[in-house]
Amino acid sequence: SYFNDYTPYTGVASTVTFSVDMQLPAQGSFDPATNHVYVAGNFTDWGNGAIEMFDTDNDSIFTVDVSTITSGNLAIYKFIWSTGAATTGNWESPVEGEDLIVGSGGNRIYGVHDGANTVSRFWNNQNPNVQLADGNIFFEVDMSVLTELGVFNPGVDSIQIRGGFNGWSDTDPDR
């Protein structure tokens, strides 16, 4: 059995279907009727060989099949939109997301496996259907087992939660 039921990596040519939802840029200066969308990466010599994507059903989701990547390789890529050629286009700059390479300037990564592969993303990893808002989140952790084992003493020990919301530090305990 393979992780996520993927087939093994045997180094064969595999098809990767890239799709990017352009609804968010369409709310600005991007015009899905007249602008072009591309995928570029280590499999295209980046912008010089970017592959054009198409929106065949006018739903602002641009798609293309790429069959030049062999399984077992990592596709490192970004999306571009342009009024013309990819080399003069607007490269996306996602700042967060599970598919980003840390410290790479927003480059995305995908591990290609044997057979059909599908990569569906939002431009800049921003889902236009999500409304961002401020709010409170209640975090709770059950320490009863660790207390019973004598590893945690609630009279002296404390628990912290760290994340992007507090800079991964304890310098602002109220936050």
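The questions below go from model confidence to one strand and then to the cores.

Me: Which element of the protein has the highest mean pLDDT?
Reply: This is a predicted model. The protein averages a pLDDT of 87, and 93% of the residues score at least 70. Among the elements, helix H1 (residues 23-26) has the lowest mean, 88. The highest mean, 97, belongs to strand E3 (residues 51-53).

Me: Is Arg108 buried or exposed?
Reply: Arg108 lies in strand E7 (residues 108-111). Buried means under 20% relative accessible area. Arg108 has 0%, so it is buried.

Me: Which side chain joins that of Arg108 in a polar contact of 2.8 Å?
Reply: The Arg108 side chain also reaches a backbone oxygen, that of Phe122, at 3.0 Å. The 2.8 Å contact is between side chains, and the partner is Asn125.

Me: What is the bridge partner of Ala75 in E7?
Reply: Strand E5 (residues 74-82) and E7 run antiparallel, joined by four bridges. In E7, Ala75 is partnered by Tyr110.

Me: Which residues have the most contacts inside the largest nonpolar core?
Reply: This core has 21 residues. Strands E1 (13-21), E2 (36-41), E4 (61-70) and E5 each give two or more residues to it. Met53 touches residues including Phe18, Val37, Phe62 and Phe79. The residues with the most contacts inside the core are Phe18 and Met53.

Notes:
Residues are numbered from 1 along each chain as its sequence is written. This is a predicted model: local features need pLDDT of at least 70, side-chain atom pairs count only at pLDDT 80 or more; totals for chains, interfaces and linings use all residues. Side-chain values use heavy atoms; hydrogens and water are left out. Buried means under 20% relative accessible area, exposed over 50%, partly exposed in between (1.4 Å probe, protein chains only). A polar contact is a pair of N or O atoms within 3.5 Å; within protein, one must be able to donate a hydrogen and the other to accept it, and residues adjacent in sequence count only if both atoms are side-chain atoms. pLDDT is the predictor's confidence in each residue, from 0 to 100. Two strands pair if DSSP finds at least two bridges between them. A nonpolar core is a set of buried Ala, Val, Leu, Ile, Met, Phe, Trp, Tyr and Cys residues joined through side-chain atoms within 4.5 Å. Contact means heavy atoms within 4.5 Å. Lists of a residue's contacts leave out its neighbours within four places in sequence.
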